[in-house]
Amino acid sequence: RSEQAYTPRRAQSCGITSRMDLSDPLTRAAHHERVLQLFNELASIVSLERLLHRIVEAAADLTDAEAAGLLLHDEKADVLRFVAASVYADVLLDIPVPIDRSIAGAAFTSGQPVVVNEVSADPRHFKAIEEKVPLKARSLLAVPLQYLQRRVGVLEVENKRSGAPFDDNDAVALQLLATQATVAIENARLIETLDRHRAHLEDLV
């Protein structure tokens, strides 16, 4: 299986973590309720920049991960590019990720979640990132972002804080988040496009 102004929430965990004991019915019900709240929150954010930041924060919290990143497909260059990251965003946003030589690219190409719990041993590991940031990937979970059968990017998380491996529950949870996030991203893009067109028309009047 190998709208309030955006403020960072890394210290404000939304409480949806895989550390919960989901075998308990009450805990599971509370977990599902918080996930639904998160989905509703994402749907309400119309600023694309705030939305992207919120998605990576939620991804890290949802899977109890040290870091999360959101990459979108640059069709012109045919690479994946970070558009948001929970850590070291200032560096990561400048690093193009090759589709054919990365774990994120494997998820993008296959359209399926990719779980790698021994990253250093995986030949798809894109080592250029570790040369730029002081975060060594031990385990990685990547899921594709798909909209109307079109793959648009990848959502990935690295290193569970507990040191445990990523499992099927993490993959399912992150894929659910990715599905909702993709719709929210496309809606925010549409709103920004409409706003630009409206502003252009107003300038012509």
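1. Glu66 is partly exposed, with a relative accessible area of 29%. Its partner is Arg138: the two form a salt bridge, and their closest N and O atoms are 3.0 Å apart. This pair links distant parts of the chain. Glu66 sits in strand β1 (residues 65-74). Arg138 sits in the loop between β4 (114-116) and β5 (140-147), and 72 residues separate the two partners. Arg138 is also partly exposed, at 42% relative accessible area.

2. The model is predicted. Nine salt bridges are counted in it. Side chains of opposite charge can pair when their charged atoms come close.

3. Now take Asp170 and Lys160. Their side chains meet in a salt bridge, at 3.2 Å from N to O. Buried or exposed? Asp170 and Lys160 are both buried.

4. Some salt bridges share partners: Glu41, Arg54 and Glu57 are joined in this way into one network. Within it, Glu57 forms a salt bridge with Arg54, and the closest N and O atoms are 3.7 Å apart. Both residues lie in helix α2 (residues 48-63). They are three residues apart, about one turn of the helix.

5. How accessible are Glu57 and Arg54? Glu57 has a relative accessible area of 7%, so it counts as buried, the limit being under 20%. Arg54 is buried as well, at 5% relative accessibility.

Methods:
Residues are numbered from 1 along each chain as its sequence is written. This is a predicted model: local features need pLDDT of at least 70, side-chain atom pairs count only at pLDDT 80 or more; totals for chains, interfaces and linings use all residues. Side-chain values use heavy atoms; hydrogens and water are left out. A salt bridge is a side-chain nitrogen of Lys or Arg within 4 Å of a carboxyl oxygen of Asp or Glu. Helices (H or I, at least four residues) and strands (E, at least two) are DSSP runs, numbered from the N terminus. Buried means under 20% relative accessible area, exposed over 50%, partly exposed in between (1.4 Å probe, protein chains only).
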